[in-house]
Amino acid sequence: MKCALQKPHFVTRFRAKPGIRRIADMLFAASMFVIGFFVLGLGLGSISPAMAEKVDTSSIKCMVAMLFYLTEGDFGALIMVVAGISMLVSAALGNYKAATSLLVVAI
């Protein structure tokens with residue numbers, strides 16, 4: 001009896017033996033680990049200019065402080081109320097994934 005959900009013939013035609021496939025998978029995983037280790041090692045702060053301390057982040061800190069100031073006031077209350085109402089509407093329509101996301105925004 002043939003199953004309707006079989007793999008296409010070009011996938012199953014070149015199948016390796018289970019032992020060889022396992023060894024190949026382990027070698028691939030080990031090589032990816034080594035490559036990732038070297039990529040992370042070369043991308044440290046001594047080499048990367050983005051991690052150098054010459055970058056002035058005072059403007060970013062100022063903008064984040066202003067955003068927090070806005071969300072603590074009336075604008076934050078407006079966002080919370082709109083997110084709560086939108087959560088109720090999306091839950092009523094059956095979109096529970098969006099409802100949980102909006103619940104996090106409302107809190």
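**Close-up views of the helical chain**

**View 1. Ser 90 touches Asn 95, Ala 98, Ala 99 and Leu 102, when residues up to four places away in sequence are left out.** A contact here means heavy atoms within 4.5 Å. The model is predicted: local features require pLDDT of at least 70, and side-chain atom pairs count only at pLDDT 80 or more, whereas totals for chains, interfaces and linings use all residues. Residues are numbered from 1 along each chain as its sequence is written, and side-chain values use heavy atoms, with hydrogens and water left out. Ser 90 lies in helix H4; helices (DSSP runs of H or I, at least four residues) and strands (runs of E, at least two) are numbered from the N terminus. With a relative accessible area of 10%, Ser 90 is buried. Buried means under 20% relative accessible area, exposed over 50%, and partly exposed in between, with a 1.4 Å probe and protein chains only. A polar side-chain atom of Ser 90 is 3.1 Å from the backbone oxygen of Met 87. Such a polar contact is a pair of N or O atoms within 3.5 Å; within protein, one must be able to donate a hydrogen and the other to accept it, and residues adjacent in sequence count only if both atoms are side-chain atoms.

**View 2. Thr 100 belongs to helix H5, residues 96–106.** Thr 100 has a relative accessible area of 48% and is therefore partly exposed. Between Thr 100 and Ser 90, 10 residues apart in sequence, the C-alpha to C-alpha distance is 9.4 Å.

**View 3. Ala 91 is a residue of helix H4.** Its relative accessible area of 27% makes Ala 91 partly exposed. Ala 91 touches Tyr 96 and Ala 99, again without counting residues up to four places away in sequence. Leu 102 is 11 residues from Ala 91 in sequence, and their C-alpha atoms are 10.0 Å apart.

**View 4. Ala 77 is also located in helix H4.** Ala 77 counts as partly exposed because its relative accessibility is 35%. Along the chain, Ala 77 and Ala 106 are 29 residues apart, and 9.0 Å separates their C-alpha atoms.

**View 5. A nonpolar patch on the surface is formed by Leu 67, Tyr 69, Leu 70, Phe 75, Leu 78, Ile 79, Val 82 and Val 105.** Together these residues have about 800 Å² of accessible area, calculated by the Shrake-Rupley method with a 1.4 Å probe, where for residues only the protein chains shown count as cover. Patches consist of residues with over 30% relative accessible area and no salt bridge; like charges are joined within 9 Å, and nonpolar side chains (Val, Leu, Ile, Met, Phe, Trp, Tyr) within 5 Å. A salt bridge is a side-chain nitrogen of Lys or Arg within 4 Å of a carboxyl oxygen of Asp or Glu. Helices H3 (58–72) and H4 (74–93) each supply at least two residues of the patch, and H4 gives the most, with four. Leu 67 is placed in helix H3 and, at 53% relative accessibility, counts as exposed.

**View 6. The whole chain contains five helices and zero strands.** Along the sequence the pattern is α-α-α-α-α. Of its 107 residues, 7% count as buried. The chain exposes about 9900 Å², 73% of which is supplied by carbon and sulfur atoms. The average pLDDT (the predictor's confidence in each residue, from 0 to 100) is 77, and 71% of the residues score at least 70. Where pLDDT is low, predicted coordinates should not be read in detail.
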